[in-house]
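Please find below a short note on the model under review.

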Amino acid sequence: MFIIKLLSDFLKILRAGQAPGQVAGGFALGSIVGLSPTLTLQGLAIWLIILILDVNLSAAILAFTFFSLVAYVFDPIFHSLGYLLLVDVEALKGLWTTLYNAPIAPLTRFNNTVVLGSLSVALLFFFPLYWGIKKLYIAYRDHLHTKIEQWKIYKIVSKSVIVQWYLKIRDWGIVA
Amino acid sequence: MRTKFVLFILFPALFLFLLVYLFADQWIESGLEYSGEKVVGAKVEIDGLSVTLSPVGVEFARLQVANPQDGWKNIFETGKVKFALDFGQLLRSKFIIETMEVNDLILGTKRDTDGTLEGKKQEQTEQPAIASASSDTSATAPASFAQQAAPVLQAKEEKKTPVFDIERIQRELKVDSILNVQNLRTVQYYDSVKQEVQRASEQWETTLAEIDKAKPKLAEVETNIKAVNVAEIKNLESAKSALENVKRAYESANEVSKSFTERKAALTDQVNRFSSAYAEGERLTKEDFNAVIGLARLPDVSMRGLAELILGQEMMQNVGKYLYWVDFARNNIPSGLGNPEKEEPNRRLEGQNIHFPVERSYPKLWIKKILVSGGTDKAQNPEYFYLKGEVLDISNNQRITGQPLTALLSGTKGGTTSLSFAGRFDRRTDLPVDDYQVKLAGLNVGEMKIGRSDFLPSKITRAVAGADVVVKVPGNRFESTSGIAFENLTMVFDSAPKNTVERIVKDVLSAIRGFNVRLRLWNSGGKFDMAFATDLDDQISSRTRKVIGDEVARMQNEIRSKVNEKIAGKRKEFETLFNQKKEEVTGKLKAYESQVNEKVAMVEGKKKEVEKKIDEETKKQAEGVKKKAEEKIKGLFKKN
């Protein structure tokens, strides 16, 4: 079921009619929450942005799922990066102390090495990811889309209950 | 932008906000009541709560906290209560209140409804059934102070009423039946000493016989001395020879005298040793008397402890109630040493939380100051105490605030009774320390039961009481001293006195207008102990002495004379034998002593006579020599 869902999400993204920016934006934003190890205030804010802005929700969900799985592998790197920023960079200590004593900032869990490390990496790769996905999507739409639509698997998946349900909601205009 | 989505979110959000706005007051009220009930163990009711947004705070019109020991009364109730929360800390889920205003704090008000919680009601009805189960659990959990003190309080409450019926004692007292000679230690003692005297007298006889053996030697001395006739001494040589004889006799006499003196001293010492038997006999007589008095079960005329019997039951019940609150404070003021909250393990690498210097650390809950006002005098109900003062630093973690919880409250009731309470509850170190001081003055005691169902059941119907209670609870130790003074009291007795002592106590209580009680309760090594003292004891005691003292004294004298009679016979036997033997010994010793002294004096006299004779003969001889010399010199001159 999970595999079908993921596959259908992927196919929906590749569906014609969506602007490349919307797809790339959804994917890039989804990557930020996907890399974060736990629910944080900034995570909620990103989800709200995803829902409010007219970005591709499927791309965001796909990115969230994909990066959540991938992040396990990179957690030690995130930890090291977070430790470096929190402890080793003297210039930032004043900022962290101020945030630590501020009322709302602790809810972001910025003082956790993995949270800060993963957020830093996500923000660092946000625009490259946005640009890369956009290019990839344009290339797909121009060259591969018609061929893939002829695939038997694509036809099965696109007619599945989940996809039909999604299309119905999309037609209400709530999601992209 | 997804405008439809925004609307989709916005409308529910607005609806939710409206819902929260409309019902927040009720939800917060219910939440506070629930939390309060969990702590107190009885109903907590808040009326008219409203939440203010600027500043973020709460105010309510009335708060009632029911008494878990008596559901129809409140521990206290308040008028309007108002406080503001630190918004910045609220965002961190911390409830920090700078100042809470509490108006019209009243103690012990009556309730319209039962304030016992439903669960507690059920427990109370099922209490007998679960009593055994709860005692099992108490074996593992540390015992509360109330549980620790329960045995000593119960023992005081159930103290047996002693037999005070003098008339019955008079009827039933059979002195002869309790006077078993075998049980009188004095009789046994005199028997034993008499036998010792008998044995010792044999030894004395032997010593006297030894002294007798010196008699021939004394006779020989006498013969030798008499043989020296000074008148018959004609020259110096015979005088010197006589002196030698006298000196030998003198040495013999001295030898006999010295030996006699030593034996006499030993004998006198042995005899005198038995003279001290009288003192020991007197001491044992007193012991025998007290033992017989004990068997006769005569009451102690001092009547010590009677006041405790009268006042104890009510006092112990009150002490039990107060200990409940000591335990309550100990258990409900958090020490900040609780177990850390359980955290859900993170499936991903949890990372490391880096902590930075905090400008100010706050506990979860901190009410820095509660200002309590007792309301205006005009509006006060004279039945209740209205308190004013302040309570400082209520927090869930005193180690963070660095401040102990302190309370300084004072109040009045009806303009005549005053109450002050000073409390300090320190949880900043591993050893929790609680100190309280309560002072009460001018309390009108409406009705207070005294006496017991089996001893002068009665009650104080009117009195003015004052109390000063100091309690210190460092760790598991407990020390409290209470001084209670009753004045201007009137008593009512439920029934007529049943015996003399009840009559006496009634007379005393009817006559007195006040008394003081001091109560000390402490634990050492986990065991509670109690000391109860009152000047009422002195009053009852002096009155008792007047009324029944004479009768008891007469009965005591009767017993004393019977005891003395039994002992006197044996004492006489001992005395007769001892005096007889003593006289024998001393008589013989005196006779020997005079003989010895006489012989020694005789020898000394003879010695002096002989020495004088020698002097005379020496002079005579010197003069003869002188005369011969003169004659020779004269002859020489004549020849020339």
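1. The model is predicted: local features need pLDDT of at least 70, side-chain atom pairs count only at pLDDT 80 or more, and totals for chains, interfaces and linings use all residues. Residues are numbered from 1 along each chain as its sequence is written, and chains are lettered from A and ligands numbered from 1 in the order in which they are written.

2. At the interface, 29 residues of chain A are in contact with 22 residues of chain B (C-beta atoms, placed from the backbone, within 7 Å). On the chain A side, helix 4 gives the most, with 9 residues. This side of chain A comprises 18 nonpolar, 9 polar and 2 charged residues (Ala, Val, Leu, Ile, Met, Phe, Trp, Tyr, Cys and Pro count as nonpolar, Asp, Glu, Lys and Arg as charged, and the others, Gly among them, as polar).

3. The largest nonpolar core has 33 residues; such a core is a set of buried Ala, Val, Leu, Ile, Met, Phe, Trp, Tyr and Cys residues joined through C-beta atoms within 7 Å. A residue is buried if 20 or more other C-beta atoms lie within 10 Å of its own. Helix 4 of chain A contributes the largest share of this core, 12 residues.

4. F27(A) is one of the residues that touch the most other members of that core. Not counting residues up to four places away in sequence, F27(A) touches A59(A), A60(A), L62(A), A63(A), L129(A) and I133(A).

5. In helix 7 of chain B (residues 185-212), the buried residues include Y189(B), Y190(B), V193(B), V197(B) and W204(B).

Technical notes: Two residues are in contact if their C-beta atoms, placed from the backbone, lie within 7 Å. Helices (H or I, at least four residues) and strands (E, at least two) are DSSP runs, numbered from the N terminus. A residue is buried if 20 or more other C-beta atoms lie within 10 Å of its own, exposed if 12 or fewer, and partly exposed in between; C-beta atoms are placed from the backbone. The expected span of a helix is 1.5 Å times one less than its number of residues.
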